Amino acid sequence: ASVITMGLEVPPTAALDAALADAAARGVFLVAAAGNSGLAGVRYPASHPLVVAVAGTDADDRRVSSSSSGPEVWVAAPGAGIRTTTFGNNYKTVSGTSFAAPHVSGIAALMRSVLPSLSNDAVRAILRDTADDVEAPGFDPGTGWGRVNAWAAVRHVADSDCNGNGVYDPDDIAAGTSTDANQNGVPDECELASFCTAKAGLACGTPAIAGA
């Protein structure tokens with residue numbers, strides 16, 4: 001597995017801590033539902049430092065009132081009115097952070113499909129940097145760094161391996177620069193790296209995704 005989603009709340013134990021640490025050490029990206037208490041206090045395993053805790057938002061980008069909040073929340077994702085399968089070969093509409101977390105896992109999987117070598121830290125940082133800030137400016141305990149943006153996250157990954165070596169590396173990024181040079185809506189430091197022009201004969205900022 002490259003990504004694991006956990007839509008559950010359990011008491012922390014040494015065995016579970018060890019399992020999470022082992023998975024993370026193997027490069028597995030860990031995502032969990034923040035909880036549905038509607039109160040401050042992210043539930044375990046989402047509260048574990050190696051796990052990305054996901055809050056829930058509604059169709060208007062507001063935090064779902066039942067979504068737990070706290071400093072552990074990293075990002076938010078749609079968690080209200082989610083269409084899913086159910087028993088009896090049917091569909092139903094559900095709400096909760098357990099239905100928000102899989103959106104983040106799906107984005108992480110898409111990112112790694114573009115650049116499989118992405119580290120857990122890189123995936124976490126890109127989710128943060130490309131999220132849409134929907135509540136208080138900057139970080140807030142209700143939605144973390146914002147509601148995830150799949151297009152922006154995947155586009156950022158595609159644009160960021162400027163030298164084409166298959167590695168998302170700080171060396172591929174112009175030091176100390178944060179801009180959107182090609183005005184594609186993605187803050188992409190890599191767009192200013194001088195060696196971008198050498199990648200596959202593309203000029204710096206040329207869309208790396210077909211149709212983008």
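This is a predicted model: local features need pLDDT of at least 70, side-chain atom pairs count only at pLDDT 80 or more; totals for chains, interfaces and linings use all residues.

I number residues from 1 along each chain as its sequence is written, and side-chain values use heavy atoms, with hydrogens and water left out.

Entry, rings. I searched the whole structure and got two aromatic pairs. (Rings of Phe, Tyr and Trp, the last by its six-membered ring, pair if their centres lie within 6.5 Å; planes under 30 degrees apart are stacked, over 60 edge-to-face, the rest tilted.) Trp 74 and Trp 145 make an edge-to-face pair, 6.3 Å centre to centre with 70 degrees between the planes. Trp 74 is in strand β4 (residues 73-78) and Trp 145 in the loop between α3 (120-130) and α4 (150-160), so this pair ties together parts 71 residues apart in sequence. (Helices, H or I with at least four residues, and strands, E with at least two, are DSSP runs numbered from the N terminus.) Ring pairs also bring Phe 139 into a cluster with Trp 74 and Trp 145.

Entry, burial. Buried or partly exposed, Trp 74? I noted 16% relative accessibility for Trp 74, so buried; Trp 145, at 31%, counts as partly exposed. (Buried is under 20% relative accessible area, exposed over 50%, partly exposed in between, with a 1.4 Å probe and protein chains only.) Five of the six residues of β4 are buried, so β4 is largely enclosed by the rest of the structure.
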